[in-house]
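This briefing sets out selected features of the structure shown below, grouped by topic. It is intended to be read alongside the sequence and the coordinates.

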Amino acid sequence: MPVGFATRAAPIAGRIETLGGLGLDLFDKCRAFTRPQEIQAAGLYPYFKPIEASDGTRVVIEGRERIMAGSNNYLGLTVHPDVKAAAIDAVQKYGTSCTGSRYLNGTLDLHVELEQQLAAFLNKEACVLLSTGFQTNLGLLQTIASKGDFILSDKENHSSIVVGTQASYATTVRYRHNDMRDLENKLSKLPEDAGKLIVSDGVFSMSGALVNLPALVDIARRYGARIALDDAHGTGVIGEGGRGTASHFGLVAETDIITGTFSKSFASLGGFIAGDREVISYLKHNAAALIFSASMTPASTATVIAALKVMQQEPERIARLKQVAERMRRGFMEMGFRVIDGETAIVPVVIGEDEATFRFWQALYKRGVFVNCVISPAVPRGMSLIRTSYIATHSDEELDLILEAFYQTGREMGLIGQPSGTLVASAG
Ligand code: PMP
């Protein structure tokens, strides 16, 4: 789902006068789209803030150090010495770019090594790398489902899945968020002999909710549908040794295809699709998002290889991440905030209206805490939220400072009441 508000561009009155009286100008909507400037003028704009320096949990923005509680650097590996060294060594050995597609001149031995390692890690036969996580979903859906096929897609799936379904010639049927009855109802109406793919986020990116995979697998089996799971926020966070959502539920073999990103736990840029050997070979030779786009850079690829190694050698990172997120979830709840419950590293605090959410974000920012401001249409109206997400390397002191900033802001804005005790301390 999109985090911004670009889809807000409204139909425009008065467009007829444009283009010297010739009628519609394609750019009219851009001129009329003034919401970002309005929010900027109010001093509340929370997007595109340039980070001037980062050590993972602390960043410098607008000259001031702030605690980062809105990144997807779940395991804190962007600054791990071995991971950084691997990226630097790769630049020394291979240069800065592959300058071409995997298909032709852009395959490195590093790409092949990482594909083999990931396939083994995820218990899948094969794996293929793409240059972003977004491209994995786009490439997969556009290629694997064709005219006459059906894609069943959760209504809260990530934007890259939505775009992938739009790019496919298959018919897409959207089912209510994580609603397995609705999924079954919709599946039951489709022609028996048509190809069917159910696609879902493993961990939903805005709410942190887990897909109901056991029920989904059961339904898929009964209706002869294949399953693709986007595990961008599950890999490295949940499941055995960070093997993700399918592993968390013990349903790796039943989950036909797993896609993922390297821009979160793996501290890099790129993505993967893992599944059966024939499926991966088919995608490698047919997916436009792979064939017609340059491959992952040497540094990005070496980073993931090193990150995967650290993930396996230092399992305490995953355990710490879980502990951190649980502590924050409980802390916010005890203060009286409306928290979307879950078991991942994403802890969303619902504020309500867009305007209040912008103000809440701004107050936290002024208190030295950086989070993500998520407004409609990324979430339903009235459900705008502050999305916090955690890093295994957050110190207890940093977590206390985040809780304190939330507490002060919540009190100031009248969102929470008087505590019964010292809430921040009891959140530990
Ligand atoms: N899927 C999900 C669920 C995501 O949250 C994201 C990134 N926010 C992506 C895919 C895309 O990944 P990438 O950043 O690697 O393009």
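**Strand β5 and its neighbours**

Strand β5 and strand β7 (residues 196-201) are paired in the parallel sense through four bridges. The model is a predicted one.

- On the β7 side, Phe150 has Lys196 as its bridge partner.
- β5 also pairs with strand β6 (residues 171-175), again in the parallel sense, and five bridges link the two.
- In β6, the residue opposite Phe150 is Thr171.
- Strand β5 spans residues 150-154 and is mostly covered, with five of its five residues buried.
- This burial applies to both faces: Phe150, Leu152 and Asp154 are buried on one side, and Ile151 and Ser153 are buried on the other.
- A right-handed β-α-β unit is made by β5, helix α7 (residues 159-167) and β6.

*The seven-stranded sheet*

- β5 belongs to an open sheet of seven strands, whose order is β4-β10-β9-β8-β7-β5-β6 and whose pairing is mixed.
- The edges of this sheet are formed by β4 (126-130) and β6, each of which pairs on one side only.
- On average, and with direction ignored, neighbouring strands of the sheet are turned by 20° against each other.
- Elsewhere in the sheet, strand β8 (residues 226-230) runs parallel to strand β9 (residues 257-261), and three bridges join them.
- Within this pair, Asp230 is opposite Thr259 of β9.

*Helices α6 and α7*

- Two packed helices are described by the angle between their axes and the distance between the axes.
- For helix α6 (residues 133-144) and α7, the axes come within 8 Å and cross at roughly 30°.
- Angles under 35 degrees count as roughly parallel, and α6 is therefore roughly parallel to α7.
- The crossing of α6 past α7 is right-handed.
- The α6 side of the contact consists of Phe134, Asn137, Leu138, Leu141 and Gln142, which meet α7 residues including Ser159, Ile161, Val163 and Ala167.

- β14 and strand β15 (residues 384-389) run antiparallel and are joined by three bridges.
- Cys373 stands across from Ile386 of β15.

*Leu415*

- Leu415 is located in the loop between α16 (396-412) and α17 (423-426).
- Is Leu415 buried, exposed or partly exposed? Its relative accessibility is 35%, so Leu415 counts as partly exposed.
- Apart from neighbours within four places in sequence, Leu415 is in contact with Gly336, Ile351, Phe360 and Gly410.
- Between Leu415 and Glu113 there are 302 residues of sequence separation, and the C-alpha to C-alpha distance is 51 Å.

*Backbone geometry in loops*

- Most residues other than glycine have a negative phi, and most peptide bonds are trans.
- The peptide bond from Ser376 to Pro377 is cis, with omega near 10°.
- Pro377 is placed in the loop between β14 and β15.
- Phe48, a residue other than glycine, has a positive phi near 55°.
- Phe48 lies in the loop between α3 (35-41) and β1 (51-54), and Phe48 counts as exposed because its relative accessibility is 75%.
- Glu62 is likewise not a glycine and has a positive phi of about 50°.
- The loop that holds Glu62 is the one between β2 (58-61) and β3 (64-68).

Conventions
Residues numbered from 1 in each chain as written. Predicted model: local features only at pLDDT ≥ 70, side-chain atom pairs only at ≥ 80, totals over all residues. Heavy atoms only, no water. Buried < 20%, exposed > 50% of the residue type's maximum accessible area, 1.4 Å probe, protein only. Pairing = 2+ DSSP bridges. Right-handed = clockwise from strand over helix to strand, strands pointing away. Axes fitted to C-alpha atoms, helices over the stretch in contact; angles between N-to-C directions. Parallel < 35°, antiparallel > 145°, perpendicular 65-115°, else oblique. Left-handed = near helix turned anticlockwise from the far one by under 90°. Contact = heavy atoms within 4.5 Å.
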